[in-house]
Amino acid sequence: MKTISPSGRAGLCPWSLKLWAILTLLAISSRLFGQAYGPTTDANRRIATAQRTETPPRLDGELDDVCWQNAQILTDFVTNSPVYGRPAALRSDVRIVYTDEAVYIGAYLYQPRDKIRTDLGQRDAFGTADELHIGFDTYRDRQNAFRFQVTAGNVQLDARMSPFDFDVSWDAVWNSEVKLHADGWSVEIRIPFSALRFPQNDQQTWGIQIARQIRYLNEFSTWSPVDPNGGGSMPQWGDINGLDQLDPPLRLAFSPYVAASVQRSPVSDDPVEYATARSISGGMDVKWGLSESFTLDATLVPNFGEVQSDNIIRNLSPFEVQYEERRQFFTEGTELFNKGGIFYSRRIGGRPPGFFSVPSLADSSEIIHKNPAQQSLYNATKLSGRTRSKLGIGLLNAVAAPANAVLRNEETGAERRIETAPLTNYNVFVIDQLLPNNSAVALSNTNVMREGPDRDASVSVLTFNLRDKKNRYEVFGDGRLSAVWGQPGARALTGSGYSLGVAKVSGAFTWVAVHSAADDRYDPSDMGLFQRNNYQRQFARISYGNYQPKGNRLYTYADLGVENTFLNFPRRWEALELFGYVETLTKKQRQFGLSFSSRPLWYYDYFEPRVFGKKFYHAPYGFVSPRFTTDQRKKFFCTFSLSFGESPIPRDPYIGLSVSPTWVLSDHLRLGADINLAKDHSNFGAVNWDNPDDIIFGRRNITTFNNEISGQYLFGPRMNLSVRARHYWAKLYYQQYLHLNDDGTFSPSDWQGTADENFNLFNIDLVYTWQFAPGSFLNLIWKDAAFAFDRYRDADFFDNWRHTMDAPDDNTLTLKLIYWLDAGRW
């Protein structure tokens, strides 16, 4: 039998190898330039002193209170970006005082009045206004901190910081006031000690950082210099002392809520019929400081109606798509639980395991009357903190209610229930010991227990990273173990994996090399994101950053990498991948970037066939994507990117275009869009694998539109209205169907099915938010979602748009009131 190769010929991608060589020479030939400041270390660390006051300032934005007169002035800021090591262009004077209840920051930030950006924005959103940042590393471990930001429009952002996480979902209750002046703007901030965790010592020394963002200069400067090549930000923060005789206050707060909602959902397609459901619910969030170091957070009968809809895509790969977690309880203060990378919080309250099996269980006279797409939560609790010996402890537990689908007999009206998910308990436990020199060792465990004879699972991982005293080199690694049991007729399975790496973490040139592996039984999927197992992988990357200007260039960053992958059992080579990235910023604040990736050799894909033991012999390819961003200091700016991919297969280009404009019409109104178009010609993918001896692949053209528009109207710093609309269309047009041979090549197939499709999603999220008191919110949320799917292969964009707009849609309107009660004030 004649065989058909998916490429038409064997060989390399010569142009991708040339590009790799050019970028390699470019990075190696780059010069190092001198700078005024090196990295901040203990030898040159700046020290601040806080001044105790018995008369706190009146929070009005004016620095005319007596307490500010004797406070130390923190000034002489140093630029961090786009150029490092220069004196800041404009003067900043910052003072810090405190009482028994709170720490106060007063700052006067010099700037011409007509150059001050006061654009309003949503709380905890990154905007385009001028900003002042304050960071406190209360345990002075150089790895964890609280950060507070205030814009010139008095919009607040707060976050928890760790080396690999910036958690803006963490929210504290604090106050700020801003005043504008002819020569600048001033701000006063009150941060209650109840918003912070710190040790119970008579004399406190914290890490501190103060930073300023000046938009019209595109300058970010810091009080304690932070060299971008210095091996991290927090190790280069300054220190603050003078915080004496602090008594950690009672930290106990309640946030009860009540929500009323009405939902109109389609229950049948032909004819279209809708059902309306109304509900009133209530619950409560509790935050309790068990000690000065540990906090208990709990949510009882939670309601996440205000959460933005997912950006769902048509997934054609054999691997799961990761969607962003937007539920605040599972994003706020969870940096400790993410140690080891085995916790994917979307598993909690996610899709019931039996959701997709319901249609096959209905007989010919039954319709699916109800099939919940998510499990409801009874409660969720997390305990986290760090001891004086810098031992972090985290415990998270959540209980999900059983989920049941309802089938209704159309002739008799009788209903029957089918359990799609049992009562489920989710648990995460972490201990994380910080060590000297920004080093750490951590042990994490996730555990899922389901009621009855259902699958249970446990995964553990031990991680470590060790740095030298000069913060230049690091050795890191992990060991993983998974266990699955409890299913009737199935034996318990255990799997394992590990990684070991070494890196240079500071200096203009940095690099990393890692070896990792997992066996074919390692399975973290019950509480973790599971992409694949059964691999051995070698990875290396070298990076170069030059943050000193030369000519028209302000900075340049580049990296180059290589990854070589093997199937672990049986041991088979898979693929070699090369990749790189270059970015530069010009003096006119225009940013240019170029990324590329290439698999220059023929390689094997052992997962696309969806049957163990089968393989797909894939042609080499190269992919390049240039990107350009206009001056973000302007009221209108835009990012453009192109993507182009090619392989030896005839007529096989990949072409993509992305345009993302942002328009700040005024301090109160902002519009944005994200427009994406991609065309992938002659893409090969599995179509049918019901018969393992006759796996059908298709050669297809894939057209994808992913377009989003958004708008925000800010009534003030505490009230806003936002709207977001998204249309996603994926069109699959199959040119031919092929039989997958045992050697990974193709031969002709007489398969008579069809896999052409038009996949459409449309959704709108409209959210009104009013923070009417500290920590208290009134939200009005409207969501509309429609889904359309057909096999019509000749539909164009406008046909699909009309078809999607005519499809039955799901509408939900929710009114939610949250009120914050601070027991520490009672």
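Predicted model: local features only at pLDDT ≥ 70, side-chain atom pairs only at ≥ 80, totals over all residues.

**Cavities, surface and backbone**

Colleague: Which elements give two or more residues to the lining of the largest cavity?
Modeller: The largest cavity has a volume of about 130 Å³. Its lining takes in 17 residues, with A125, G127, E131, T151 and V155 nearest the centre. The elements with two or more residues there are β7 (145–151) and β8 (156–162).

Colleague: Which element has the largest share of that lining?
Modeller: The largest share of the lining of the largest cavity is 3 residues. The element that supplies them is β7.

Colleague: What about the second largest cavity: which elements give two or more residues to its lining?
Modeller: The second largest cavity has a volume of about 40 Å³. Its lining includes T446, N447 and V448, as well as A457, S458 and V459. D523, P524, S525, D526 and M527 also line the second largest cavity. The elements that give two or more residues are β24 and β25.

Colleague: And how many residues in the lining of the second largest cavity are nonpolar?
Modeller: Sort that lining by class too. It has 4 polar and 2 charged residues. The nonpolar residues number 5.

Colleague: Now the surface. Which elements give two or more residues to the nonpolar patch?
Modeller: The patch is formed by L435, V441, L443, L462, L466, Y473, V475, L500, V502, W511 and I542. Together these residues have about 850 Å² of accessible area. The elements that give two or more residues to the patch are β24 (439–450), β25 (456–467), β26 (473–485) and β27 (493–504).

Colleague: In which strand does L500 lie?
Modeller: L500 is one of the residues that form the nonpolar patch on the surface. Its strand is β27.

Colleague: On to the backbone. In which loop is P82 found?
Modeller: The peptide bond from S81 to P82 is cis, with omega near 5 degrees. P82 sits in the loop between β3 (78–81) and β4 (92–98).

Colleague: What is omega for the cis peptide bond that joins F569 and P570?
Modeller: P570 is in the loop between β30 (553–567) and β31 (572–586). The bond from F569 to P570 is cis, and omega is about -10 degrees.

Colleague: What is the phi of N437?
Modeller: N437 lies in the loop between β23 (424–435) and β24. N437 is not a glycine, yet its phi is positive, at about 65 degrees.

Colleague: Last, the overall shape. What radius of gyration does the protein chain have?
Modeller: The chain comes to 3 helices and 45 strands. Its C-alpha atoms fill a box of roughly 90 × 70 × 55 Å along the principal axes. A compact globule of 826 residues would have a radius of gyration near 28 Å, so the chain's value agrees. That value is 29 Å.

Technical notes: Residues numbered from 1 in each chain as written. Heavy atoms only, no water. Patch = residues over 30% accessible without salt bridge, like charges linked within 9 Å, V, L, I, M, F, W, Y side chains within 5 Å. Areas by Shrake-Rupley, 256 points an atom, 1.4 Å probe, with all protein chains shown as cover. Salt bridge = Lys/Arg side-chain N within 4 Å of Asp/Glu carboxyl O. Helix = DSSP H or I, 4+ residues; strand = E, 2+ residues; numbered from the N terminus. 1 Å grid on protein atoms, 1.4 Å probe; cavity = no way out; pocket = protein on both sides within 12 Å on 5 of 7 lines; lining within 4 Å. Points joined across faces, edges and corners; volume = space filled by probe spheres on them. Nonpolar A, V, L, I, M, F, W, Y, C, P; charged D, E, K, R; others polar. Rg over C-alpha atoms; globule rule 2.2 N^0.38 Å.
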